[in-house]
Amino acid sequence: MRRRTTLTAAVAVLALTTGCGAADMTKQASPFANARGARTVTLSVQSWVGSLANVAVAQYLLEHELGYRVDLVQIDEVPAWDALSQGRVDAILEDWGHPEQEQLYVEDKKTIARGGGLGVTGHIGWFVPTYFAEQHPDIKDWKNLNKYADRFRTAESGGKGQLMDGSPAYLTHDKALVKNLNLNYQVVFAGSEAAQITQIKQFAKEKKPFLTYWYTPQWLSAKVPMTEVELPPYKEGCDADAAKVACAYPHTPLQKYLNADFAESGGEAADFLKKFRWTTEDQNEVSLMIADQKLTPAEAAKKWVDGHESTWRAWLS
Amino acid sequence: MATLTAPTPRTALPGVLRHRATRKLVTLAALAAVLVPLAHTHWAGGTWPQALTVDLSGPLGGASDWIIDNRDSHPLFLYFFGHVSNAVVVSVRVVYLFLLAAGWAGVTALGAAVAWRVAGARLALGTAAALLVCGLLGMWVPTMQTLALMVVAVLASVAVGALLGLAAGLSDRMDRALRPVLDTMQVLPAFAYLLPVVLVFGIGVPAAVLATVIYAAPPMARLTALGLRGADKEVLEAVDSLGATARQRLLTARVPLARKELLLGVNQTIMMALSMAVIASVIGAGGLGDRVYQALASVDVGAALAAGIPIVLLAVVLDRVTGAAGERLGQDQHGPRPWLHAAAAAAATVVVALAARLAGRLDWPTGWTVGIAGPVNRAVDWMTAHLYSGVPYVGGTADWAGRFTTWVLDPVRSGLQWLPWWSVLLIVAALAWLIGTWRTALTAVLAMAAIGVLGVWKPSLDTLSQVLAAVAVTLVLGFAIGIAAARSDRVERLLRPVLDVFQTMPQFVYLIPVVALFGVGRAPAVAAAVVYALPAVVRITAQGLRQVDPAALESARSLGATSGQQLRQVQLPLARPALLLAVNQGVVLVLAVVIIGGLVGGGALGYDVVFGLAQGDLATGLVAGAAIVCLGLMLDRVTQPTRRRAKKGA
């Protein structure tokens, strides 16, 4: 008898504490958000520095001009879409194109709203260091890549040339490209952008040749000048079948996305993020301050904000 | 390769054992003679036959889509997972707000007061100093976030672990059912938990806390069960004869008798929760781990270290305090009025917290920070610039890495992949059976076969080759350092803090230096694994050698043995169980870093798990994670001579 009362009590307590009803976890915010009653915006940072630059400037302006508290969450792109749809993140400021997720969350479920363009155009490609391209100008054409394969050989690539790929989070067709273009290369996955950058810096220090998957805008290009290898030109739809790709990567105008609820009722912060739009040069300036001069993102953002008032005033109006 | 193709018994084994070993091998050979031709005619070829694989990408992709579609509507999510998630969010928030409200002075005072009461004045000072250093490094708020997450995760782990342990400690049937599960969970690498949890709970703190609980609860359960089962029979009988009921017996005799094990369990749980709290930053846990992870993006070792040091400090402080609390339990010397001291400590804490609050100094003062990132980065740059290549005579680290890859990793990998699949199973069976029982052999073979069925035979052998190479390097270095530490007190004293740091430093911190030294590829992955596994191997070796019976040593000395002879002929043979345990731990720990290796170019299974997490691709990530688990099971069984007693990361 006593056991039964205990059990009933336990169930009752459980029901009371959890609020009896349904708990939709897609609507639950981070426990660290809104501490001490501040208005909070949560922004997603991706693992590359350009994304950190966007977020740093947005954070600085949100905090100093609009009086918000900004929380940053670092996650990879695809999980970030999911988090955005759940409202764990309020905005992604730099998206390189995820048609599948766009269809699912923007068109079908309508949990994510478009936030307009960032103003920066992104491009992925294969790059060699400029010091090597100057000595061997014909490397700029992909047809000559096989000629130089043995120059790019490393212990990891076996007998072939090494094509270094970066983070698994990034879009890449490189394995298919190497196969479909009959290149004598081995794709070596660095596994993270940090590893890739560190390796590139080491190669550059010794002026060694290397071939790498890379993208612009990227702050490292200012430190280690790189020249793109021209792949067969991109045509609309030539990358539709991932296994048969034999063309270059497109130029992508980078997009912003907002959580749908936040876009509606996010007040000043949502308006500001929708209007946030700058140029590749602006972004690189901030990225370089963060990654190369090792300023903290907040310091770099302050420096940029101090020098570009006319640009950001327009975002606040 | 030598380690794999030499299943013959060692001559040092006593006669009976050798006899038994031969019998096992003969049985196995007979079995193979029947099965191998059969398998060979059906599925010839070196790699695992395509016909025997199961493609899981369809169902897993379907499951992932179903969850995304139903997460906000299905009752299972609304009425169960939703509440779990909500409870986590609320409790973490409560702790976090409490820590913020206490302010930096209050938290420091509280930490010191607790440490003083349970572990003494010296550790109280250490605790306060550690917390202040966290603030000095500019990491106060992230430290509090990590602490809040840890408090909730540790409490939940201890509760879950203690309940499971209680069940296993009191009921033989539960014990039999739970033991293999807990055994398996001990060899699971932390990353393997993340993907399934993220799928259900999405990115964020709830997923991070739950992954941490799943990871940290097993040691508590094991030690609770161990403590309850190890209770002194005579005491229990005495309690029985006094006519105690079952509940009285449990509460007044068994649990108090198991206090030491319980506290050791709490200690282990805390350490594992802390290491997981960092890894969970990949799925949005926030806090210190997130800072380390962000610093990685801008290739900033200094900033990563600034966030890594607080983690190390927290780990060392928590380890020492809970350890000291465990030692003090037996002695019970709290003086005449323990509650008076406790009240004084509490009052002091409240006064400090209120004072800071009234002074408006709740947040860590912005001016009071020390930037270590700059000097650290310069030091790392200098080191890598001078060691990378062109060092006279010995060559640079990049050359070593290249040679290690070409001369060790490549041959081992191609050798393993060249072996016909059935012969790999046979070798696994032979090794596991020789060292254990037919049960362990069966588990090992089934685990290996599961890898083939999952369709990741080739990458798994690639990973296995890296693991074997890393274990070999770890053991050579670990035994050498361990012997040095066992023979000299000074070396051991010098080593202790270094080992502490390497054991608790988040692996993300040393990814960049490792790549800067060894380039991108499998060599840096092996290096990262060695760094991680070395401390445990050194510790176990040194401890094993030191525990050798002094009488045996004394008699050897009196017979005129030189110190080298003593080591070779007395200490090492007598410490054999400890050395075998070191091998086992080395293997398990190296495997735990395989996924980290995927972040620096290790490729194979590690990369697949990282890829799965990054792309939300369940099929790739989960299958690779499962394969790592199977590899872990297999390697554990192959290197586990008797029932293992030590805990993970001992």
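Biologist: How do you know that helix H20 (residues 457-487) of chain B and helix H23 (residues 522-546) of chain B cross, and at what angle?

Modeller: Their axes come within 6 Å and cross at roughly 35°. Axes here are lines fitted to C-alpha atoms, for helices over the stretch in contact, and angles run from 0 to 180 degrees between N-to-C directions. Helices are DSSP runs (H or I, at least four residues), as are strands (E, at least two), numbered from the N terminus. This is a predicted model, where local features need pLDDT of at least 70 and side-chain atom pairs count only at pLDDT 80 or more, while totals for chains, interfaces and linings use all residues. Residues are numbered from 1 along each chain as its sequence is written, and chains are lettered from A and ligands numbered from 1 in the order in which they are written.

Biologist: Why is Asn182(A) called exposed?

Modeller: A residue is exposed if 12 or fewer other C-beta atoms, placed from the backbone, lie within 10 Å of its own, buried if 20 or more do, and partly exposed in between. Asn182(A) has 9 C-beta neighbours inside 10 Å, so it counts as exposed. Asn182(A) sits in the loop between helix H6 (174-180) and strand E6 (185-189) of chain A, and its phi is positive, near 55°.

Biologist: And Ala604(B), is that buried or exposed, and why?

Modeller: Ala604(B) counts as buried, because it has 27 C-beta neighbours inside 10 Å. Ala604(B) lies in helix H28 of chain B and also has a positive phi, about 50°, although it is not a glycine. Most residues other than glycine have a negative phi.

Biologist: What makes a set of residues a nonpolar core?

Modeller: The set must consist of buried Ala, Val, Leu, Ile, Met, Phe, Trp, Tyr and Cys residues joined through C-beta atoms within 7 Å. The largest such core has 311 residues, and Leu149(B) is one of those with the most contacts inside it. H4(B) gives the largest share of this core, 20 residues.

Biologist: Which residues does Leu149(B) contact, leaving aside its neighbours within four places in sequence?

Modeller: Among them are Val92(B), Val205(B) and Ala277(B). Two residues are in contact if their C-beta atoms, placed from the backbone, lie within 7 Å.

Biologist: How many residues does each chain give to the contact between chain B and chain A?

Modeller: Chain B gives 64 residues and chain A gives 49. On the side of chain B, H4(B) has the largest share, 15 residues.
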